[in-house]
Amino acid sequence: MPKENKYSRGRRDEKKLKRKRERGEDDTQGQNKRQKSQDPAVEEDIDVQFIGTDNAAAAPSMGDGFAEGQGEGEGEGATERPFYGMLEDQEQEYFRRADELLEQNDFPSEEERALFLANVYREAEGKELKIACSQSCSRLMERLILLSTVEQKKKLFVTFAGNYPHLIQHRFASHCCETLFIQSANLVTEELIADSKAKKKNAGVGEDEDADVEMKEEELLSMEDLFLQTLDELEGQMTFLLTDRFASHTLRVLLVILSGRALEKASTRTLMQSKKKEKISITGLDTTPTELSLNKRAVPSSFQFAIDKIISDTIATMDTTFIHILATHPTGNPTLQLLLELELTNPNSKKVVNASKKTIISALLPDDITAEKSESQTFINGILYDAIGSRLLETIVTFAPGKLFKQIYRTIFKDRIAAVARNEISSYVAIKVFNRLSKEDLEEAVEAIIPQIEGLVQRNRTVILKTLLERCHARGADTKGLVDAIAASYDPKTSNVLLKMSCIDDIANLITSTQQTPESESAPAQQTKPSASQLHGSLLAQSMLSIPGPPAQLIQDSLLSLPPQILLALSIYTTTSHIIQSALLPTVSNTIPFRRKLINALLFPPSSDESPPVLTLALSPTGSHVLDALLSSTASPTSLTSNTASVPLFSLTERIASILLSHESQLRDSWTGRIVLRNWSLDLFKRRRGDWVKKIKEASLEKMRALPSTTLTSTEFQINGDENENGNDEDGNGETKQPKVSAPGMGKKNRKDRKMAKNAAKAAAQGPQKSAIQLAREKFAKGKLEKGGHGAGKGAPGKDYRTGANAKPVSA
């Protein structure tokens, strides 16, 4: 970076100035120009403010920080931002080397790394702001934050205090602030939980001890107080920060942390950062999401009040015209969406209703939307087909109160829902509308859209079809008419529906690209890159397979009507292999007879002169995932509740394992083949078959329990349903008898071991055994006692016939 303060005009301006000097025009123009001392406005534009702190100890030369942070013309107020100075050459070299060591993370132990971090912090003391604003060293600051302790993060908060409005607008320092906020979010919840536990524990502590505890806590502020102090610095500048190129992202991060939303969810991450954001990583650092980051976090009540204040202060400075412009602003729109969502989901706003209070939703929709040509109706119609504004409308439709949503739907969408669903921009708003419709409104919308199904299929608007099917299933609406329209739009022939839906036009090319000859086992054939339409078609087919009834039946019939060669090619192709895996899942819609037919058609064709399909799948990086799905599908029990549930397809599991074992040498020479050998535990299958059966069944049971919302109670009556067409058993009760299949470890081979263990346990419980004579005497006495009891009358007590040594006196 240049170290001299040169305001270069550019090459063209220099050449033009040179020509003017040669012509003698420079002096005449120089007389018309004002001097700097005569124009104070120009002085204010050029001068740069310097802060007299340790972070600005360097000479005021426009170096690293100015050229990177303020010299880019990022806004009108760019020159008013403070310049914190620049690092010296030796300091830059030291911090660059430290950054490389932290990125490699090649330390002998955790203690060594902690000592190194402490040394880096010691060297960076007084230079934190320079490092954060430096293009070459800001990454070091982010890595330091990732590895810092709680105390070090709190010290950084204190160091940055007073400069947050400038830092979050800086190109590089804003990323450091975002990392500091995100890494400190979970600490707020941990401190909140620790405080509540400490209060319960110290309920009986004396006043003197309480005072000592409070003195220690005052020395180091809590994360809650540090976040609130940061918000105090940003107060009064929220409206400007909404549209700032860098500060808007940091503001979104703060709002997400204050609301307690999950930080590691995909929707939250896309809201906080753009796709172009550089990911700062550390080798070997455990980045597994914790429970706090995956779920909604508990936050202090002061955070909710802070959100309310941010919303009220922001909307107080906006009028209706400005907020309508902000709705289509590329930078301000995402932050406005988040503010609107937080306002509409705020539980306090529902309890206290104040009609006179100005809110974001009242500013967006200021009048009655049902009135014709009202301002609210005009605004919604204007952003419905706008690429940026439609995203705000999605937020309104998703989180608006029920009464407002019904007014919007009946006024804007009900009469033209088919046209809205057909457009590539407004169709995403229609998807959000479908998610909130009742059963009656949804059925009306489906009837209006059915004539447009063919056009949606031609435009590859499969997301609309997928959403309609899922919502009809959730609301209990009939899907037969919709499925028939989808099938007719793709192809009247059932066997071609799946191929058309997956956008597989050239079947011969697909088979050729997925074939693997013995010479090319080490280097598989290059497959064509899947297109976006193929991906969306695959997602539609997977969704239909998960919906029992006509949707699943359509895809299943199409799969079973395909020849084995095409099924094998679909299993090896990337996008369509997910359809085969979904068809093999042991769900209610994928019945046992269907899975048996699909597996036989895929793996055991009638005539196969080439290598077996099982081996082809095992040697394919994509097909090996289908084999994993086959293992879970064939070894899954019919019920998760019973310990003796049957496994009707387990014979197919053993058959596949035997084929794989016969080609063990080929599998060991292949990378994917070795993965298949490990997943199927074929070494155990070869040596101890009983232990292999037990292990596979238990693993499959665990996988079934992990499936979301999967119930298999109805599949217990589907076993052998294709063989018993009448659906009647031997007794004529209309139910099919189940073949009794032993549970893991309960088969015939384990019967002897179980019997021996049972007898040993019984003998240990009884203690020392009696002799044969003692057992005979006890048996004889017991028989006489029973005989005497049966001989007695109803009212009289039983007569004791025992004599001799066994005789006992009869009580009166």
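Biologist: Is the crossing of α35 and α38 left-handed or right-handed?

Modeller: This is a predicted model, in which local features need pLDDT of at least 70, side-chain atom pairs count only at pLDDT 80 or more, and totals for chains, interfaces and linings use all residues. Residues are numbered from 1 along each chain as its sequence is written, and side-chain values use heavy atoms, without hydrogens and water. A crossing is left-handed if the near helix is turned anticlockwise from the far one by less than a right angle, and right-handed if clockwise. For α35 and α38 the crossing is left-handed.

Biologist: Which residues make the contact of α35 with α38?

Modeller: Contact means heavy atoms within 4.5 Å. On α35 it involves Gln556, Leu559 and Leu560, and on α38 Phe594, Lys597 and Leu598.

Biologist: How do the residues of that contact of α35 with α38 divide?

Modeller: Ala, Val, Leu, Ile, Met, Phe, Trp, Tyr, Cys and Pro count as nonpolar, Asp, Glu, Lys and Arg as charged, and the others, Gly among them, as polar. The contact of α35 with α38 then has 4 nonpolar residues, 1 polar and 1 charged.

Biologist: How are α35 and α38 oriented to each other?

Modeller: Axes are lines fitted to C-alpha atoms, for helices over the stretch in contact, and angles run from 0 to 180 degrees between N-to-C directions. Helix α35 (residues 550-560) and helix α38 (residues 592-603) have axes 10 Å apart, at an angle of about 30 degrees. Angles under 35 degrees count as roughly parallel, over 145 as roughly antiparallel, 65 to 115 as roughly perpendicular and the rest as oblique. The two helices are therefore roughly parallel.

Biologist: How is α6 oriented to α8?

Modeller: Helix α6 (residues 110-123) and helix α8 (residues 138-147) have axes that come within 11 Å and cross at roughly 135 degrees. That angle makes α6, relative to α8, oblique.

Biologist: Which residues of α8 are in the contact with α6?

Modeller: The crossing of α6 and α8 is left-handed. On the α6 side the contact is made by Arg113, Leu117, Val120 and Tyr121, and on the α8 side by Leu144, Ile145 and Leu147.

Biologist: How many helices and strands are in the chain?

Modeller: Helices (H or I, at least four residues) and strands (E, at least two) are DSSP runs, numbered from the N terminus. By that count the chain has 47 helices and 0 strands.

Biologist: How many residues of helix α36 are buried?

Modeller: Buried means under 20% relative accessible area, exposed over 50%, partly exposed in between (1.4 Å probe, protein chains only). In α36 (residues 564-572), the buried residues include Ile566, Leu568 and Ser571. The buried count for this helix is 7 of 9.

Biologist: How many disulfides does the structure hold?

Modeller: A disulfide is a pair of cysteine sulfur atoms within 2.5 Å. Cys176 has its closest cysteine sulfur in Cys177, at 6.8 Å, which is too far for a bond. Cys176 is buried at 0% relative accessibility, and Cys177 is buried at 1%. The number of disulfides is 0.

Biologist: What separates the C-alpha atoms of Ser390 and Ser426?

Modeller: Ser390 lies in helix α24 (residues 389-399) and is buried, with a relative accessible area of 3%. Leaving aside neighbours within four places in sequence, Ser390 is in contact with Ile383, Leu384, Ile425 and Val429. Ser390 and Ser426 are 36 residues apart along the chain, and their C-alpha atoms are separated by 6.9 Å.
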